[in-house]
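Subject: Structure handover

Hello,

Here is the structure I promised to pass on. Please look it over first, then read my notes below.

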Amino acid sequence: MLFRSQPVLVFADEPGRFVLVDGHRRVRALASLRVDVVAAMDLECAEADALVRAWQLHMSRRPEAIEEAWMVRELMDTHGLSQHALATLMGRSTSWISRRTAILDVLPASVQEHLRRGAVCAHAAQRVLVPLARANTKHCERLMESVARHKLTSRQLDQW
């Protein structure tokens, strides 16, 4: 049976060896169906550029804020890009880059997990939880547990 879907995005880290950049869920789904062939688009660039291009193309879905934070951190730490260079490359402000990195640098792992699950949106996390975590990590964790338990909206959290 032939499946048609958007191509996964890859880049060659050495001749004949490709690394998957976008399409992990599609590959897992196809593997569970015992399909071992998938259409792929070679981005024909280095790893850092491939990550940014995949983000720009949003081929599979809009990434969550924490996923963007992981990508930004990877590009800064592994590939040595500065906030300014990365902001220019991604078409974002240095403030946006800083807010994304704060998610990983400031928020405790338990709060990051809630963010990853969608219990709180990026805007609320950056506007309310990050400043609270900077002041008192334990209070941030307690607030996040309450937000998740009561399913508060970002507007309700912002009003708090």
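Helices (H or I, at least four residues) and strands (E, at least two) are DSSP runs, numbered from the N terminus. This is a predicted model: local features need pLDDT of at least 70, side-chain atom pairs count only at pLDDT 80 or more, and totals for chains, interfaces and linings use all residues. Residue numbers start from 1 along each chain as its sequence is written, and side-chain values use heavy atoms, leaving out hydrogens and water.

First, the overall picture. The protein chain has nine helices and three strands. Their order along the sequence is β-β-α-β-α-α-α-α-α-α-α-α. The C-alpha trace spans about 50 × 40 × 20 Å along its principal axes. Of the 160 residues, 37% count as buried. Buried means under 20% relative accessible area, exposed over 50%, and partly exposed in between (1.4 Å probe, protein chains only).

Next, Gln 126. Helix H7 (residues 122–135) holds this residue. Gln 126 is buried, at 16% relative accessible area. Leaving aside residues up to four places away in sequence, Gln 126 touches Arg 99, Arg 100, Ile 103 and Pro 131. Contact here means heavy atoms within 4.5 Å.

Two loop residues deserve a look. Most residues other than glycine have a negative phi. Arg 34 has a positive phi, near 65°. It sits in the loop between helix H1 (24–32) and strand E3 (40–42). Arg 34 is exposed, at 78% relative accessibility. Glu 44 also has a positive phi, about 50°. Its loop runs between E3 and helix H2 (47–57). Glu 44 is exposed, at 68%.

Best wishes
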